[in-house]
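Please open the structure in your viewer and keep the selection tool at hand. The stops below go from the meeting of two chains to a single residue.

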Amino acid sequence: MSEVIATDRPPEGAADRVAEFRPSLIVGEHSLCPGCGEPVALRILLETLQELGIVERAIGVVGHGCYGSFVRIMDVDVLQCLHGRAPACATGIKRVQPAAAVFTLQGDGDMVSEGLAEVLHAAARGENITCILLNNGVFGDTGGQQTATTVLGQRTKTSLDGRDPVSHGHPIRIADIVAGIDGVGYVARGTVGTARGVARTKRMVRSALETQLAGKGFSLVEILTMCPTGWFVGAPQGPDYMEQSMARAYAPGELRVSLGDER
Amino acid sequence: MSGALVIEVERCKGCELCIAACPPRVLEMSREVNATGYRYPILHPGCTGCTACQLVCPDAVFEVYRLSSG
């Protein structure tokens with residue numbers, strides 16, 4: 001083994017700190033599994049709120065899933081609402097407080113399985129809110145059951161032989177559906193499996209929030225997140241498994257953009 | 001460009017995402033475990049301070065520095 005460099009303290013001599021451990025808006029430890037992608041999504045969301053200078057007027061609406069435990073550690077005003085109903089609650093908040101920056105944090109089980117009507121109607125109404133979907137294709141919080149976004153062939157606790165379209169139906173590509181609805185200002189899909197994906201997804205979150213701040217209508221960012229526990233793979237294999245399964249069914253990229261030349 | 005890291009090894013959950021994410025491949029998992037029983041990354045010479053490890057880390061155990069030259 002080659003030389004090991006000390007990493008228990010900052011370097012001696014002149015150096016610039018280019019990345020902190022985490023944004024100051026995360027106050028405590030999350031309790032999610034090793035290799036989970038959701039804490040990475042939370043971090044880039046909170047960093048973006050800070051970079052846009054909208055922390056003081058940000059209001060989050062959090063659904064139900066593993067990420068629901070983030071309400072304990074995120075130093076932003078949050079409301080935890082009924083399963084799947086975050087876009088409806090966010091609608092009310094935004095209409096009463098138009099100056100607030102309102103975002104939802106939902107999983108695929110929450111947004112696509114349980115609350116499909118809420119997100120579609122909020123999009124069709126052109127509500128000026130930003131929805132963040134953490135899509136890992138399983139109900140992680142309840143033990144890894146199949147959701148509406150589980151891709152064909154994917155093994156879950158309730159589809160042990162892989163999702164079969166004949167008996168389980170086909171996955172719902174919610175971002176593609178929402179991108180086709182009038183009144184929608186911004187839709188994008190990113191991943192947090194690689195450093196490049198994280199950086200790209202962060203720009204998408206920023207574009208979505210800027211769309212809301214400009215009053216250009218509903219915005220949605222679908223973030224593919226690793227769930228090695230629910231996928232029956234080791235934590236180090238999470239990003240590769242995601243590339244080979246979910247990212248093939250859900251191609252990352254911007255699907256609808258309305259803030260263009262004027263920026 | 002050369003970089004340096006501070007790694008809070010006691011908060012690491014050993015997922016190894018940083019190992020594959022590191023472009024110069026200078027991170028390696030330890031043989032020892034932390035108080036929670038997880039192995040954690042250790043740094044070999046060659047860090048560029050690119051922040052890839054910090055970007056992918058779910059447990060936010062990395063702080064990244066770039067050393068000033070000269």
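Begin by selecting both chains: 32 residues of chain A are in contact with 33 residues of chain B, where contact means that the C-beta atoms of two residues, placed from the backbone, lie within 7 Å. This is a predicted model, in which local features need pLDDT of at least 70 and side-chain atom pairs count only at pLDDT 80 or more, while totals for chains, interfaces and linings use all residues. Residues are numbered from 1 along each chain as its sequence is written, and chains are lettered from A and ligands numbered from 1 in the order in which they are written.

Next, on the side of chain A that touches chain B, select β1 (15-19), α1 (38-52) and α7 (195-213), each of which supplies at least two residues; helices (H or I, at least four residues) and strands (E, at least two) are DSSP runs, numbered from the N terminus. The most comes from β1(A), with 5 residues.

Finally, move to B:T48, in the loop between β3 (41-43) and α2 (52-56) of chain B. Leaving aside residues up to four places away in sequence, B:T48 touches B:M1, B:S2, B:G3 and B:P24.
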